[in-house]
Amino acid sequence: MAKLRAEPLRRAEIVQATIHEIGRRGSLEVTVAQIAQRAGVSSALAHHYFGSKEQIFVATMRHVMTLFGVEARQSLAGARTPRERLKAVIDASFAPDSFRREVVSAWLNFYVLAQTDSDARRLLNVYHRRLNSNLLHDLRPIIGNARAATVAQSLAALIDGLYLRAALTRGAEDFDHALDPAAAVALVMETFGHEIGACDEA
């Protein structure tokens, strides 16, 4: 029984170790041995729990996405109107925890992994569909069904692009156009405002 209770804890420790190691190196060029050492377990146990290094990475991103989901739900808890809910989703996309060095590295490298690993690609598609669905849900009552799908896709792409730009330039004084999370949220909301104006004029 104690063994059964220990497995979820060990898995969580391995996931946290993976986030740390990816953040420390800035790439997926880490070994299971390095991850296992950081987690305080054997390489054999890490393989036993996850099967392969790629599956460890996928489990790690599933954990990161779960944390994002928690952030989004907390942000949405106080929202009452579609506009407030839309702003809450955008705020959650640029939450402070998303800009921790290790989380940024995990996201950037997960996009790379998704190019070659089918499980990673499926998980990334789940994230994209959920973001699009959340935006679409609150755009429909504001701008109508006809434009909602197109605007949702535009805002989702803008959120992803601005996150990457903000993550890569944050704290870098040598960048002429450094972008912080608050500025990124403002840009997305400004674009949303332009879309409402376009719909009003149509």
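Which residues in α3 do V32, A33 and A36 in α2 meet? I opened the notebook with this, keeping in mind that the model is predicted.

**Entry 1: α2 and α3**

I looked up the contact and found S43, A46 and H47 on the α3 side. Helix α2 covers residues 32-39 and helix α3 covers residues 43-50. I then looked up how the two helices pack. Their axes are 8 Å apart, and the angle is about 100°. I note α2 as roughly perpendicular to α3, because angles of 65 to 115 degrees count as such. Sorted by class, the residues of this contact are 4 nonpolar and 2 polar, with no charged ones.

**Entry 2: the chain as a whole**

Next I stepped back to the protein chain. I read 9 helices and 0 strands. Along the sequence the pattern is α-α-α-α-α-α-α-α-α. The chain has 202 residues, and 42% of them are buried. I also looked up the accessible surface, which comes to about 11,100 Å². Carbon and sulfur atoms account for 53% of that surface. Then I turned to contacts between residues at least 6 apart in sequence: 62% of these join residues at least 24 apart.

**Entry 3: α5 and α7**

How do the axes of helix α5 and helix α7 cross? I found an angle of roughly 155°, with the axes coming within 8 Å. Helix α5 spans residues 82-93, and helix α7 spans residues 118-143. An angle over 145 degrees counts as roughly antiparallel, so I note α5 as roughly antiparallel to α7. The crossing of α5 past α7 is left-handed.

I listed the residues that make this contact. From α5 they are P82, R83, R85, L86, V89 and S93. From α7 they are L131, N134, L135, H137, D138, L139, P141 and I142. By class I have 8 nonpolar, 3 polar and 3 charged residues.

**Entry 4: S105**

Is S105 buried or exposed? Its relative accessibility is 10%. Buried means under 20%, so S105 counts as buried. I then looked up what S105 touches, leaving aside its neighbours within four places in sequence. The residues in contact with S105 are I22, G23 and G26.

Definitions and conventions. Residues numbered from 1 in each chain as written. Predicted model: local features only at pLDDT ≥ 70, side-chain atom pairs only at ≥ 80, totals over all residues. Heavy atoms only, no water. Axes fitted to C-alpha atoms, helices over the stretch in contact; angles between N-to-C directions. Helix = DSSP H or I, 4+ residues; strand = E, 2+ residues; numbered from the N terminus. Parallel < 35°, antiparallel > 145°, perpendicular 65-115°, else oblique. Left-handed = near helix turned anticlockwise from the far one by under 90°. Contact = heavy atoms within 4.5 Å. Nonpolar A, V, L, I, M, F, W, Y, C, P; charged D, E, K, R; others polar. Buried < 20%, exposed > 50% of the residue type's maximum accessible area, 1.4 Å probe, protein only. Areas by Shrake-Rupley, 256 points an atom, 1.4 Å probe, with all protein chains shown as cover.
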